[in-house]
Structures are given as C-alpha cells and as structure tokens.
Amino acid sequence: MAHKVTAQTELQRNWFTISSLVSKDFKLKYRRSVLGVAWSVLNPLLMMCVLAAVFTNVLKFGDVANFPMYLILGNVLFALMSDSTSTAMTSILESAPLIKKIKISKMIFPIEKVLFQLVNFAISLIAVVIVMVFFRIAPTVNLLALPLLLVYMLLFCSGLGMLLSALAVFFRDICHFWSVIITAWTYATPLFYPVSLLPDWMQTAEAFNPMYHYVSYFRDIAMYNTLPGVQENLVCLSIAAITFAVGFLVFRKTEKKFILYV
C-alpha cells in the first residue's frame, strides 16, 4: 500500500514538473513578441501560401485537389515531429545545471518538449480550420479520429526524443546530424508533392516512412472524408509503440551515466 502511495506521489510530482516546464517554455517562446501566440497560427498559414505559390506556378504541382489544404495538413503534422524531436534531443544537455543540483526523473525533460510542441500543434490547428473554411471543406465525423492520431504521434515523438536525447549526451555530433536527417526526411515525405509523382520503387519505399503513414492518416480524416482502416491503424500503432519502446529502453539503460557527460 505504501509503495502504491509513493508511486502515485511520484507521478503527481513529475506531472507538476512537466506542466510547469511547459508553461515556462510557452512564456519564453512568445516573450517580447508583438503577435505572441498568433505566430503559431500565422506561421503555417504563411508557409502554406509560399509553398502553394511556388508549387502551383513554378514547379506545377498544383494538380492536387485543394492543394493549399494538402500542404498545410502535411506541414503542421511534420513540424510537430521535427520540432518535438529536435528540442527533445538537446533537453538533457540544456537541463544539465538542474540535473546536477537535484534528484529528478531525467525522462521528464524530453517528454516535456514533446508535450510543449503538442500544445503548439493544437494552436496551429486554428490555421487548418481557417483554410478549411476558406476552401469550403466541411468537417466530417472522421475528424473524431484525430485524438487517436495524436496518441500515435505522441508515442512516436516521445520515443524518438528519448532516444536522441540519450545519444546526444554521449555523441554531440548527433545534434548536427539530426538536422540533416530532418531535411532529407522532409523531402522524402510527400508534404508538397503528390506521392504519384514518385517512381514505383520509391512509392513502395514510402511504406517504411513513418511520417508518410501519419501524414496520410491526417489527410484522410481531414481532407478526403476517409476513415483509415484497421490495418492502417495497426501499422501506425506498431510504429509508435516500437519507437517508444526502443527510446524508453535506451534512455533507461544510459540515464545513470548522464551526470558524467553533461
């Protein structure tokens, strides 16, 4: 009974720490900004406008129906992964002074970064709604599957974030290498071009791209009025669960050595 109470107290303390850190990051991000939180809405909208102009007038990718909607859905979801993993990767290194001073669960730091980016994603959905209204895309009941997609993304990004944050403690080059991977991953995922443009072998390879599955899931429920089937949900869940398990195990196995390298 005492062990159960202790575990519950520890969980409550960790959650309080996480929520406090999310609040702190939120205030820091928009401090001294004239538009403040509005940038979370304006940024995806402006990016969508730029990309839509380029890929419909210059590179002629505008044959996709509701191309701006296609763009913004892919970009906001990919940004959730990119921003959360990049910030989670350096979370242990940036929290070194705190880790050295007090006893605290180190796993809090990468997970907090993912949750903070999830809050930003929720705000950026306002931009998605604006685009839907402008192009008269009516919401459907399939959008109720969005929380399920976010669970997949939360698990996937947390696992990747924990893995990267652990590796970055011992190999600082990971921080530079990851930015290259993100850039390559951006172009390897059909964010601003239709997958039909790819040759057959590359279309087959997309089955091994986690973000292709998650972006397609988002577009299906928000744009194409389609509810992904059981098989696609199992694929998304499997990717998320395996990534989380690997990240969790690597983090747990190495966290005791963090203090020697941060």
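The model is predicted: local features need pLDDT of at least 70, side-chain atom pairs count only at pLDDT 80 or more, and totals for chains, interfaces and linings use all residues. Residues are numbered from 1 along each chain as its sequence is written, and side-chain values use heavy atoms, with hydrogens and water left out.

Rings of Phe, Tyr and Trp (its six-membered ring) pair if their centres lie within 6.5 Å; planes under 30 degrees apart are stacked, over 60 edge-to-face, the rest tilted. The count is 14 aromatic pairs. Tyr152 and Tyr217 are edge-to-face, at 6.1 Å centre to centre and 85 degrees between the planes. Tyr152 lies in helix H7 and Tyr217 in helix H10, 65 residues apart. Helices are DSSP runs (H or I, at least four residues), numbered from the N terminus.

Phe170 belongs to helix H7 and Tyr261 to helix H12 (residues 258-261), so the pair ties together parts 91 residues apart in sequence. Phe170 is partly exposed at 24%. Tyr261 is partly exposed at 44%.

Ring pairs also link Phe78, Phe156, Trp178, Trp185 and Tyr214 into a cluster.

Two non-glycine residues have positive phi. Arg136 has phi near 55 degrees, in the loop between helix H6 (108-134) and helix H7 (146-170). Arg136 is exposed, at 79% relative accessibility. Asn225 has phi of about 55 degrees, in the loop between helices H10 (210-222) and H11 (230-254).

Conventions: Buried < 20%, exposed > 50% of the residue type's maximum accessible area, 1.4 Å probe, protein only.
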